[in-house]
Amino acid sequence: MAISDDDVQKIKEATDIVSVVSQYVTLKKVGMRWAGLCPFHTEKTGSFSVNAEEGFFYCFGCQKSGDVIQFIREIEQLDFVESVEWLAEKAGIIIEYTNVNDASVHKEKKLVSELLTRAAQFFNDRLLSSPDAGKARAYLRNRGFTRETVEAFQIGYAPMQTGALRAFLGTDATKMEAAGLGYSGGGSFFRDRLMFPISEPNGQVIGFGGRMLPEGQPPKYKNSPQSKVYDKSKVLYGLNFAKREIVASGQIIVCEGYTDVIGCAKAGIPRAVATCGTALTEQHMKLMTRFAKKIVLAFDADGAGQAAADRFYAWEKSYEVEVFVAQLPSGSDPGQMAEENPEALVEAIESARPFLEHRIARVLQSVDLTTAEGRARAADMAAQIISEHPNDLVRDQYVVEFADKLKVSIEILRKLVLKYFQDGRKRGDAKKDVETRNYEEGFSQELGPISSAERNLLCAVIHAPEAVKDLTIKEMFNSELASMAFDLLCKEDWKKHLDAENEQLVALVQRLSVEGIDADPIELLSRVLDPIIDRWQMELVYDVTDIDRLRINQPLVKWLSERQEEMHLEETRLASVQAITSWLKSVS
Ligand SMILES: [Zn+2]
């Protein structure tokens, strides 16, 4: 959308900056200027002043300054065009868009928005006073929703009776469909549902989330369809309500549902938003960074696995944000916690951990850290996770921290992390695309992460079985899913067994079947053996406190490092891989 400079000028001239600012700040006349407490930083004595004649504001405390458009941008967290539109609306000026297309799009959007705003009012009135909404009111009461909450969040009820909304709006089926409120045949899109209006950050209603009532018609959640104004990959529920608090605290809590957002507000942390039936997208992230730089994920972020991690790290880098994960008890969501134990919810948000730390902590929970073998295994898994972070310094911080916790040498852990890191970088972009796509489609229940080395080996087993199958054993795979896949691939005519296998396993195998291998199969096998050898050395040398034991282990350690070295040279690779594999078979 582009607005002509003339219009911008006209709007500025028609706007009195003092009366606009006065809606947010109490101003007093001091000599030639107006003064008050700055709305952009906390202060006790006023260092904020407005010059009515020149039409600008300035703060001596935080140095924020600008014209009336800038003021609205900052205080309403709008972009330039939105701010100008906001002011034009107040001044009663009709904007001439420089582009004819913009003008007609704007007009259509405006019509849709008006319908949606009136629909929100209709649903809200219906919930508060209509006899057919008794069930909805009882449900809300049971879940601890007060009338204030219902009003604050404009919660509503869409009646079962079809046509009631259309009659109220006095419009036709085509317009209803364009607004995402009805079907072309005249039916209502939302029926017998609790309605949560979804708005732009400026409060403009753009769609609805409809929740099923007990014993209602599934699905449990139904959101507005894609329309001229509603795009689920961009919209965040609750941002319009929470933006002031988000800006003031510098923190934004991301949930999955409307009731989670409302739950957070009820628990005294009114700075939550929710994605509307989709995974977090880059557009969501971009939008959030306009308001805060600390992002706290308050949903189960573990399932999304490595593909999600890659995205979060990339976003942290490009948007200069920090992603944290709230420490919610497993299986619970913020909405439910707000009902049962609001203090625990606040605590879970306050104790949020950086994303990487959270992932490692989850892995460590599943390992017995009292034994040397357990710690070695934990170090290996931690190394894989640490290796995913793109920043050298961050990786090293975690190496130092976790080497200490897991009682392994910093050098060994650093080496392991570096190896996994280099391994990860060798992965093709094509594979990354597939992972990203799966993530977006909600591929969210991985049976633990599969390292790229393990994936490549599985690929080699599929595409070059004669070279690697006999040399590969199940114990080489760390990931449960990878080892299940290997089991499957060992079956005679494995393609015929696919139907009987679990969905995720089938998806993985099918995906690997269409991917090629980009290196010599024996080399791919050696990449899996590399960290296994490191792990064995760690167990044999570093986790042994008994000197006699060390002496006994010494020849094996030496033998392993010699084979490992040979494995890195092309001419000796096959022989050393064969030697290591037969040794592994003997100890497994
Ligand atoms: Zn200030």
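**View A. Gly156 faces Met195 of strand E7 across a strand pairing.** Opposite Met195 in strand E7 stands Gly156. The model shown is predicted; local features are given only at pLDDT of at least 70 and side-chain atom pairs only at pLDDT 80 or more, whereas totals for chains, interfaces and linings use all residues. Residue numbers start from 1 along each chain, following its sequence as written. Strand E6 (residues 156-158) is joined to E7 by three bridges in the antiparallel sense. Two strands are said to pair if DSSP finds at least two bridges between them. Strands (E, at least two residues) and helices (H or I, at least four residues) are DSSP runs, numbered from the N terminus.

**View B. Strand E7 is covered on both faces.** In a regular strand, the side chains alternate between the two faces of the sheet. On one side of E7 lie Arg193, Met195, Pro197 and Ser199, on the other Leu194, Phe196 and Ile198, and all of them are buried. A residue counts as buried if 20 or more other C-beta atoms lie within 10 Å of its own, as exposed if 12 or fewer do, and as partly exposed in between, with C-beta atoms placed from the backbone. Because seven of the seven residues of E7 are buried, the strand is largely enclosed by the rest of the structure.

View C. Seven bridges pair E7 with E8 in the antiparallel sense; Ser199 has Val205 in E8 as its bridge partner. Gly203 belongs to the loop between strand E7 (193-199) and strand E8 (205-212). The hairpin has five residues between its strands, and Gly203 takes a positive phi near 95°. With 15 other C-beta atoms within 10 Å, Gly203 is partly exposed. From C-alpha to C-alpha, Gly203 and Val323 are 26 Å apart in space, with a separation of 120 residues in sequence.

View D. Axes are lines fitted to C-alpha atoms, for helices over the stretch in contact, and angles between N-to-C directions run from 0 to 180 degrees. Strand E4 (residues 56-59) is joined to E5 by three bridges, and Phe56 stands opposite Asp67 in E5.

**View E. Six strands of mixed pairing make a second open sheet.** The order is E10-E12-E11-E13-E14-E15. The edges are strand E10 (236-237) and strand E15 (353-354), each with a single partner strand, so one side of each has no neighbour in the sheet. Strand E11 (residues 251-255) and strand E13 (residues 294-297) pair in the parallel sense over four bridges, with Gln251 opposite Lys294 in E13.

**View F. Cys264 is a buried residue of helix H11.** Cys264 is placed in helix H11 (residues 258-266). This residue is buried, with 28 other C-beta atoms within 10 Å. Setting aside neighbours within four places in sequence, the contacts of Cys264 are Ile253, Cys255, Ile269, Pro270, Ala272, Pro334 and Ala338; a contact requires the two C-beta atoms, placed from the backbone, to lie within 7 Å. Cys264 and Gly335 are 71 residues apart in sequence, yet 7.1 Å apart in space from C-alpha to C-alpha.

View G. Helix H21 (residues 452-463) and helix H23 (residues 480-490) pack at an angle of about 5°, and their axes are 11 Å apart. This makes H21 roughly parallel to H23, where angles under 35 degrees count as roughly parallel, over 145 as roughly antiparallel, 65 to 115 as roughly perpendicular and the rest as oblique. Glu454, Leu458, Val461 and Ile462 in H21 meet Ala482, Ala485, Phe486 and Leu489 in H23.
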